Amino acid sequence: MSGRVLVLGGTGEARRLAAALVTAGVDVLSSLAGRVADPVLPEGGVRVGGFGGADGLAAWLATHRPRAVVDATHPFAARITASAAAAAARTGVPLLRLQRPGWTPGPGDRWTWVDSLADAADAVRDAGTVFLTTGRQGVGAFAGLTGRVLVRSVDPPDGPLPVGAELLLARGPFTVQAEVALLREHGVDVVVSKDSGGAMTEAKLVAARELGLPVVLVRRPPLPAGVPVVATVEEAVSWTNRLRRTRAGTEDRPSWNR
């Protein structure tokens, strides 16, 4: 056994990291929040369900003693990211944040940046048809919209939907051609998204550019101070490799399933 790594996952980067570490002979446990009904499972061990905040994660780390934690959760999973930082600091377990870069506007983009879902709802209150692609959590922030709203998410949203909502259940990746066709078919006037970054759902932004449509983007929450951050799976693998070399050992470890 060459070391254990806990990957806080649920993203494509987390799955690719788990696969790379498994290939390298690392004992990996990926933790999924369990918010998606039918998640795509990574290679290696998997646990589903939260830890119970920073205190619960700290207790888990103290019991299972992984060599490292890589927080590869969604850029908007601010609660688990904060809990990971607090728990790692409390237990002395090395922590890395793997977060894909955000999107940047290109020529012809008509982007408006806002700080919250509530601000996004205010920004499109008087729009015609809104294409809402912020995920199923937080849709309630748009419940007061009275116009037509096309809501796309992997699973049905948690909160109340706008009165004129049409729900579209779909999982990316999406092509630009398909996104252009969707925007035209539904007569979309404005696209609303979080700044998730990555190529998996970027096609809607390219489609909006091609059609000259405005986009409202919610900024990412700030990251905890003092936590190293990398942008790619390759950088995360290099970090774990360096850690394994400096902390190499053969001591027995408790079972992940304990």
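How many bridges join strand β7 to strand β10, and in which sense do the two run? Select residues 129-133 for β7 and 190-194 for β10: four bridges join them, and they run parallel. Helices (H or I, at least four residues) and strands (E, at least two) here are DSSP runs, numbered from the N terminus.

Before moving on, know that this is a predicted model, where local features need pLDDT of at least 70 and side-chain atom pairs count only at pLDDT 80 or more, while totals for chains, interfaces and linings use all residues. Residues are numbered from 1 along each chain as its sequence is written, and side-chain values use heavy atoms, with hydrogens and water left out.

**The six-stranded sheet**

Pick T133 and you'll find its bridge partner in β10, S193. Now widen the view to the open sheet, six strands in the order β6-β11-β10-β7-β8-β9 with parallel pairing; two strands pair if DSSP finds at least two bridges between them. Colour β6 (110-114) and β9 (164-169) to see the edges, each pairing on one side only. Neighbouring strands are turned by 20° against each other on average, direction ignored.

Next, show residues 176-185. That's helix α5, lying across β7, β8 (148-153), β9 and β10, at about 155° to β8. Axes are lines fitted to C-alpha atoms, for helices over the stretch in contact (heavy atoms within 4.5 Å), and angles run from 0 to 180 degrees between N-to-C directions.

**Over to β1 and β2**

Jump to residues 4-8, strand β1, which pairs with β2 in the parallel sense over five bridges. Click V7 and look for its bridge partner in β2, S30. Then select 27-32: five of the six residues of β2 are buried (under 20% relative accessible area; exposed is over 50%, partly exposed in between; 1.4 Å probe, protein chains only).

**The largest cavity**

Last stop: the structure holds three cavities of 30 Å³ or more. A cavity is a set of points on a 1 Å grid over the protein atoms alone where a 1.4 Å probe fits but cannot get out; lining residues have an atom within 4 Å of a point. Points are joined across faces, edges and corners, and a volume is the space filled by probe spheres set on them.

The largest cavity has about 50 Å³ of space. Helix α3 gives the largest share, three residues. Finish on T81, in α3: it counts as buried because its relative accessibility is 7%. Leaving out residues up to four places away in sequence, T81 touches D71, T73, R97, L223 and P224.

Conventions. On a 1 Å grid over the protein atoms alone, a cavity is a set of points where a 1.4 Å probe fits but cannot get out, and a pocket is an open set with protein on both sides within 12 Å along at least five of seven lines; lining residues have an atom within 4 Å of a point.
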